[in-house]
Amino acid sequence: MSHDITLTAAAVQAAQSRTALRRVLAARAKLLRDARFWGVQAMRLQVREAVAGEGKTAATDGVWFIYDPAWVAKRSNSELVFVWAHETAHCAALHPLRLGSRDPMRANIAADFAINPLLLESGFTMPPGALYSEEWRGKDGWQSMETIYSKLPKGQKAASGAGTWGEVLPYKPGNGAAGKDGKDSVNGPPLTARELEAGWRQAMAEAATVSRAAGKLSGTLESFSAAALAPHIDWRDVMSAWLQRTTEDYSYARLNRRFINAGLCVPALHSEDRLNVVWSLDTSGSVSDQRLSAMLAEGRAFLEMLPG
């Protein structure tokens, strides 16, 4: 008798899993039809059920859309569409790569406050408990996750609605289909952070192009995509060029000897033996220990570029 009960429970769970997957995929398809900017990007995410320790709602790490079947069963179809847009927005903003070592709950609260206004302005209806506040609207638009995080109370560990409609997880290469197979997808080896970022930038560029062609790219999303796709210049290249110009310049203190016999006073290239540099570090609450260590390492590398 107990054996039959076990089989029945397993059959019920299997049926719940199949139904949840069908509804999750149907919600993404509807998002693609109704909100192409988010739907095109959502197609980049692979789908799987949550495993132990991955929460009881929905989540993303930039590679996977992760869901709990029991939670999905309690959500309406329109709510699942919102969850897809919500998790996709986290990825579009590169939140899985920006969480760092911040407090997970506080960082998720900040991330939700940063992206939900985009969804509201995209025509979505905020479901009960979704985090939104005009407090985070700045002069030039909505504030970033990092800025909001730095202004939230340090002791804040929870908020009404936090995690209710999904969460963002830090990207960890190798967190595959069950977190065990050493893959980030069913198709290949783990992605580097740079590869993941490049993939999402490409997805956003495609989404913006498709939406613009259909006449459905709002001014808010146009600005969001333009900022995200703006060319990024490596600060090391800029600093190296600046240092070269600063330490080497033409000076009349030393004339170019090749022109002296011709009676011409031409400045010669002169290198400074000493350069005064002021270096400051941001040690506010928005800077994690990992990022602070990285800043110190970059500072040491910069000092090695200095003359002498």
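## A buried asparagine and the basis of the model

Asn-116 counts as buried because its relative accessibility is 1%, where buried stands for under 20% relative accessible area, exposed for over 50%, and partly exposed for values in between, with a 1.4 Å probe and protein chains only. Asn-116 belongs to helix H6, residues 104-121, helices being DSSP runs of H or I with at least four residues and strands runs of E with at least two, numbered from the N terminus. Although 30 residues separate Asn-116 from His-86 in sequence, their C-alpha atoms are 7.1 Å apart in space.

The model is predicted, so that local features need pLDDT of at least 70 and side-chain atom pairs count only at pLDDT 80 or more, while totals for chains, interfaces and linings use all residues. Residues are numbered from 1 along each chain as its sequence is written, and side-chain values use heavy atoms, with hydrogens and water left out.

## The second largest pocket

The second largest pocket holds about 270 Å³ of space. A pocket here is an open set of points on a 1 Å grid over the protein atoms alone, where a 1.4 Å probe fits, with protein on both sides within 12 Å along at least five of seven lines, and lining residues have an atom within 4 Å of a point; the volume is the space filled by probe spheres set on the points, which are joined across faces, edges and corners.

Fourteen residues line this pocket, and Ser-78, Val-81, Gly-123, Phe-124 and Thr-125 lie nearest its centre. Helix H1 (2-34) and helix H4 (77-92) are the elements that give two or more residues to the lining, and H4 gives the most, with four residues. By class, the lining has seven nonpolar, four polar and three charged residues.

Leu-94 is found in the loop between H4 and helix H5 (95-98), and it has a positive phi of about 60 degrees although it is not a glycine. Most residues other than glycine have a negative phi. With 13% relative accessibility, Leu-94 counts as buried.

## Salt bridges

The count comes to seven salt bridges, each defined as a side-chain nitrogen of Lys or Arg within 4 Å of a carboxyl oxygen of Asp or Glu. Glu-79 and Arg-75 pair in one of them at 3.3 Å, N to O, and both residues are buried.

In helix H8 (residues 193-213), Arg-201 and Glu-197 lie four residues apart, about one turn of the helix, and their side chains meet in a salt bridge at 2.8 Å, N to O; Glu-197 is partly exposed, at 27% relative accessibility. Glu-222 forms a salt bridge with Arg-212, with the closest N and O atoms 2.8 Å apart. Because Glu-222 lies in helix H9 (residues 219-229) and Arg-212 in helix H8, this pair ties together parts that are 10 residues apart in sequence. Both partners count as partly exposed, Glu-222 at 31% relative accessibility and Arg-212 at 43%.

## A nonpolar surface patch

Trp-279, Leu-281 and Leu-296 make a nonpolar surface patch of about 250 Å². Trp-279 lies in the loop between strand E8 (267-271) and helix H11 (289-305), and is partly exposed, with a relative accessible area of 43%.

Key. Ala, Val, Leu, Ile, Met, Phe, Trp, Tyr, Cys and Pro count as nonpolar, Asp, Glu, Lys and Arg as charged, and the others, Gly among them, as polar. Patches are made of residues with over 30% relative accessible area and no salt bridge: like charges are joined within 9 Å, nonpolar side chains (Val, Leu, Ile, Met, Phe, Trp, Tyr) within 5 Å. Accessible areas come from the Shrake-Rupley method with a 1.4 Å probe; for residues, only the protein chains shown count as cover.
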